[in-house]
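Here is a set of exercises to work through with the model open beside you. Try each task before you read its solution.

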Amino acid sequence: DNAYPLVIGGHDHEPYQVEVGGAEVIKVGSEATYVGISRVVWPDKGSKKVTVTTEIKPVSDWEPDSKVETIVHQRMETVRELDNAPLFVWDKPDVLSSKDNRIQETTLSTKLVSMLRDALGCDCCVLNAGNIRGNKEYEKDHKFFTYNDLKSEIPFDAEMIVVPMPGNVLSQAVAHSREKASMDPPVSTGGYLHMDDGMEFDRATKNLVKCEGKPFDPERIYQVGALFMAMTGVDDNHPLIEFTDSNRHLFPVDKSAEMGRPAKLLLVD
């Protein structure tokens, strides 16, 4: 009976406006591109029912307020300096790219995972493609990869941990993650594991052949940097999940992600 006549939602990236069960539901999407206008009208002072109208309009319909713009510009100066801070210089002939990284290795994905390996101080490192989300090819003259670039590529916390893992489990995990990418046509998946620059995967045999730049040893215990959530079920990597279930002593009883460190912080530090 009109108990909830208006629901104003958030998080969704796309604008959304619909009536459901007598309630107006409105979401304006991301990046402050649109504004939602909702009007709630009581027919009379004692009425418990209301009429609701909603509309979504582009913010560009309004002229910017110059005074507010000046204040915002001044307050954002520190943020701009941080955003423009370079994290590394790309001076290789290959184009820096994270394009189609859910079906193939990319130069940027390999670079970021290699930096995570160094930051974690582990033997090798892997990271699920779903955590590198820029999906773009940078201009050839884009030499400085900045913190702003990093935010667009790794928008989530992506807590990383270091786990002592048998080589054969690591190899199986990489192979499992790339099964769909090897289909014809390839099927993209956020579980595709990217590797650091010291690792090499043989697509023909579906095995790792190098780690730390040396011949891969499936019997060795490697100190592996990995996404905490991948170890505990995200992207359904069976070799990783089975390893975790068989080695619960390596993880807190509640599998708390607090044992990890966010990838962005590791890369900035």
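**Exercise 1. Sort the residues lining the second largest pocket by class, then find where they come from.**

Step 1. The lining of the second largest pocket divides into 4 nonpolar, 7 polar and 4 charged residues. Here Ala, Val, Leu, Ile, Met, Phe, Trp, Tyr, Cys and Pro count as nonpolar, Asp, Glu, Lys and Arg as charged, and the others, Gly among them, as polar.

Step 2. Helices α5 and α7 are the elements that give two or more residues to this lining. Helices (H or I, at least four residues) and strands (E, at least two) are DSSP runs, numbered from the N terminus.

Step 3. Look for H176, S177, T189, D235 and D236, which lie nearest the centre among the 15 lining residues. The volume of this pocket is about 230 Å³. A pocket is an open set of points on a 1 Å grid over the protein atoms alone, where a 1.4 Å probe fits, with protein on both sides within 12 Å along at least five of seven lines; lining residues have an atom within 4 Å of a point. A volume is the space filled by probe spheres set on the points, which are joined across faces, edges and corners.

A word on the model: it is predicted, local features need pLDDT of at least 70, side-chain atom pairs count only at pLDDT 80 or more, and totals for chains, interfaces and linings use all residues. Residues are numbered from 1 along each chain as its sequence is written, and side-chain values use heavy atoms, with hydrogens and water left out.

**Exercise 2. Now describe the largest pocket in the same way.**

Step 1. The largest pocket holds about 380 Å³ of space.

Step 2. It has 20 lining residues, and E105, R178, Y192, F201 and R203 are the closest to its centre.

Step 3. Strands β10 and β11 are the elements that give two or more residues to the lining. By class, this lining has 8 nonpolar, 4 polar and 8 charged residues.

**Exercise 3. Work out how α5 and α7 pack.**

Step 1. Two packed helices are described by the angle between their axes and the distance between the axes. For α5 (residues 167–177) and α7 (residues 238–246), the axes come within 7 Å and cross at roughly 145°. Axes are lines fitted to C-alpha atoms, for helices over the stretch in contact, and angles run from 0 to 180 degrees between N-to-C directions.

Step 2. On α5 the contact uses V169, Q172, A173 and H176, and on α7 it uses H238, P239, L240 and F243. Contact means heavy atoms within 4.5 Å. These residues comprise 5 nonpolar, 3 polar and no charged.

Step 3. In α5, 8 of the 11 residues are buried, so the helix is mostly covered; buried means under 20% relative accessible area, exposed over 50%, partly exposed in between (1.4 Å probe, protein chains only).

Step 4. The buried residues of α7 are P239, L240, I241, F243 and T244, and their cover includes β9 (159–166), α5 and α6 (228–231).
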